[in-house]
Amino acid sequence: MRQDQEDPYQRRSAQVYAAADRAGSGSVASPRAVLYDAVLLDRDGTLIEDVPYNGDPEKVRPVPGARAALDRLRAAGLRLAVVTNQSGLARGYFTGEQMRAVHARVEELLGRFDAWLVCPHDDADGCGCRKPAPGLVYAAARELGTTPSRCVLVGDIGRDVDAAMAAGAAGVLVPTPVTRPEEVAAAGWVATDLPAAVAEILRRQQAVQPSNPPTEPVRTALVVRSDSAGDVLVTGPAIRAVAAGAERVVLLCGPRGRAAANLLPGVDEIIEHPLPWIDPDPGPVDPEAMRSLSARLGAVGADQAVVFTSFHQSALPLALLLRMAGIDRIAAISDDYPGSLLDIRHRVPVGVPEPERALSLAAAAGHRLPDGDEPVLRLRRDAVPPRPADLGDPGYVVLHPGSAASSRACPPEVATRIVGALADAGHRVLVTGGPHERAVTARVAAAGGTDLGGRTDLAGLAAIVADASAVVVGNTGPAHLAAAAGVPVVSLFAPTVPFGQWGPYRVPTVRLGDAAAPCRDTRAASCPVPGHPCLSGVDPGDVVDALRTLAVSGGGGR
Ligand SMILES: [Zn+2]
C-alpha cells in the first residue's frame with residue numbers, strides 16, 4: 001500500500017492559519033502536470049530575510065527576486081504554501097496576533113499563499129510538526145488537496161530538506177551563509193537562490209511533458225535498459241509512459257536486470273542480452289553475438305526505439321546496431337556527438353532523479369504518463385508472489401545489508417549493531433540478502449533478527465518488502481523495491497553517486513551516512529577509502545530515531 005495516500009500525522013497538531021477559504025483555489029494546469037501540484041516554502045531565510053523571532057511586520061524583507069519567482073510558480077498553476085517553524089510562539093517571544101501581522105505583510109509583498117502551516121512548538125515539545133519532522137508537509141499537502149509526493153519544498157537548512165524527504169516530497173536546499181556544509185553535502189537538490197530553485201522546478205516539470213507528440217502512432221516501441229535491477233526499476237515510470245503511447249512494448253535488458261524487468265508494468269515482451277559497453281564486468285565483444293542481437297532486434301519490427309542509460313553510459317553503440325537492424329526512429333540521451341545515429345538526441349543536466357531523467361527522454365520521444373498514473377515506481381501485482389506465511393504479520397522492519405557493489409553495502413559490523421538496536425526498540429527485524437550474502441545475513445541476524453539470506457529471488461524479496469513498515473538499506477535494488485511498494489526507507493547511502501539521482505524516489509526517506517566522505521562521486525564499486533567511513537560511522541540509535549521520524553513504531557505488526 002502506498003504511504004503517499006496515507007497520513008500518519010493526521011491526528012497531530014500542525015496549526016493552519018488563514019487557509020481554509022483559499023485551499024483549492026489554485027488552478028491546476030491542463031493536462032495535469034506530471035510531477036508537482038504544489039511548492040512548499042520555508043519562511044525565514046528562504047522567502048524573507050531571517051530576523052530571529054520577528055513579531056514586527058516592518059522588519060519583513062523579501063529575499064531578492066522572491067516576488068517574481070513566486071509569480072512564475074503561480075502562473076504555471078502551482079499552488080503555494082508556507083511551512084514554517086515558529087518556536088517563538090512557544091517561547092512567548094511574540095504572539096499569534098503579531099505573527100499573523102507578519103504574515104499579512106509577507107503576502108502584501110509577495111502575493112497570496114494558498115496555505116500557511118506553522119509549527120508553534122519548541123524542540124522540547126516532541127511534536128510531529130516541527131521540521132525536520134514531516135508533519136507540516138503532510139498537513140500542507142492535505143490543505144492543498146494533494147499528496148506529499150506531488151509537492152516540492154524549498155528551504156535554507158537541512159531541517160527543511162529532511163522534513164520534505166521524510167514525507168516523500170522533493171526538497172530543494174537554497175543555502176545561505178548559515179547553512180552548514182554537511183547539510184549542503186547531504187541534500188540531493190541544491191539551488192543557488194530562490195529564483196534558481198523556481199527555475200529548476202519549472203524546468204523539471206516541463207521536461208517530462210512532450211513538446212512534440214509523435215506524428216504517427218507507435219505500434220511497437222523497443223525500450224532498452226541494460227545494467228542492474230535498480231537501474232531497470234527506476235526506468236519503470238518512463239517505460240509506462242512509452243507503453244501509454246505505443247500498442248506494444250519490447251524491453252531489451254541485460255542478464256543482471258532481467259529479474260527486475262519481469263516486474264515492470266507495461267512490458268509486453270523481454271529480450272535479454274548483455275551489452276559489453278554497459279556491463280561492469282564485460283566479456284570480449286563477440287562479433288557473431290552482436291550480429292545475432294542486431295538481427296533479433298530487427299525482427300521486433302519496432303517503429304521507435306528509446307534507449308535509456310545512466311549518465312556515464314553511452315547509448316551510441318546500441319544505436320548503431322539498431323540502425324543496422326533497420327530501426328529509423330531512435331531516441332537517447334547523449335552528451336557525445338551522435339552524428340546520424342539518433343533522431344532525438346536528448347540532454348539532461350546532472351542531479352535529476354533517474355526516474356525523471358528517463359521520463360524526460362520518454363517525453364522527448366513524444367510520450368507522457370497518462371493522467372492518473374503517478375510518476376512513482378510500480379511493480380506488476382501478478383509478478384509478485386505471495387509472502388511466505390511463516391514470516392508472521394506485516395509490520396516488520398527489513399534490513400538489507402548487502403549490495404552488488406561493496407562500496408554501497410552496509411558494513412556487517414554496523415548492520416549487526418543496527419539489528420540489536422532495532423530489536424531493543426521493539427522492532428521485528430528480517431535480514432535479507434542474496435544467495436552469496438548468506439554468511440553476512442546469518443551473522444547480522446544473530447544480533448536479534450530473522451535471517452532470510454538467500455531465501456528469495458527478487459520477486460520474492462519484493463513481496464517481503466511490500467509488507468514491511470520500513471526498509472533499512474543502502475543504495476541498491478531493494479531500496480527501489482521499497483519505493484515501488486510505498487514503504488518508507490532508511491537510506492544508508494554511500495555518496496559514490498549523487499543522492500539526488502539515486503536516492504529512493506517519491507517515498508518517505510531518512511538519509512543516514514556521511515554524505516561528504518572521500519568516496520563522494522567516485523562511482524567506485526568497492527570502497528576506495530580504508531574503513532568504508534561513509535557508512536561505518538552510522539549510529540544504530542540514529543536508525544531507531546529515523547524510524548520514529550517515519551512514524552514506524554516498535555512492536556510492529558499489531
Ligand atoms: Zn510542532
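## Aromatic rings: worked exercises

Counting ring pairs whose centres lie within 6.5 Å gives three aromatic pairs in this predicted model. Let's work through some of the ring contacts.

**Exercise 1.** Classify the pair formed by tyrosine 53 and tyrosine 93 as stacked, tilted or edge-to-face.

*Solution.* Start with the distance: the two ring centres are 4.5 Å apart, and the cut-off for a pair is 6.5 Å. Next, take the angle between the planes, which is 75 degrees. Angles over 60 degrees count as edge-to-face, so tyrosine 53 and tyrosine 93 form an edge-to-face pair.

**Exercise 2.** Find which parts of the chain this pair ties together.

*Solution.* First locate tyrosine 53: it lies in the loop between β2 (38-41) and α1 (66-75). Then locate tyrosine 93, in the loop between α2 (87-90) and α3 (96-110). The pair therefore ties together parts that are 40 residues apart in sequence.

**Exercise 3.** Decide whether phenylalanine 493 and phenylalanine 499 are buried or exposed.

*Solution.* These two rings form an edge-to-face pair, with 4.8 Å between centres and 85 degrees between planes. Now check accessibility: buried means under 20%. Phenylalanine 493 has 0% relative accessibility, so it counts as buried. Phenylalanine 499, at 9%, is buried too.

**Exercise 4.** Work out which ring lies under the charged end of arginine 204, and how far away its centre is.

Technical notes
Residues are numbered from 1 along each chain as its sequence is written. This is a predicted model: local features need pLDDT of at least 70, side-chain atom pairs count only at pLDDT 80 or more; totals for chains, interfaces and linings use all residues. Side-chain values use heavy atoms; hydrogens and water are left out. Rings of Phe, Tyr and Trp (its six-membered ring) pair if their centres lie within 6.5 Å; planes under 30 degrees apart count as stacked, over 60 as edge-to-face and the rest as tilted. Helices (H or I, at least four residues) and strands (E, at least two) are DSSP runs, numbered from the N terminus. Buried means under 20% relative accessible area, exposed over 50%, partly exposed in between (1.4 Å probe, protein chains only). A charge sits over a ring if NZ of Lys or CZ of Arg is within 6 Å of the ring centre and within 35 degrees of the ring normal.
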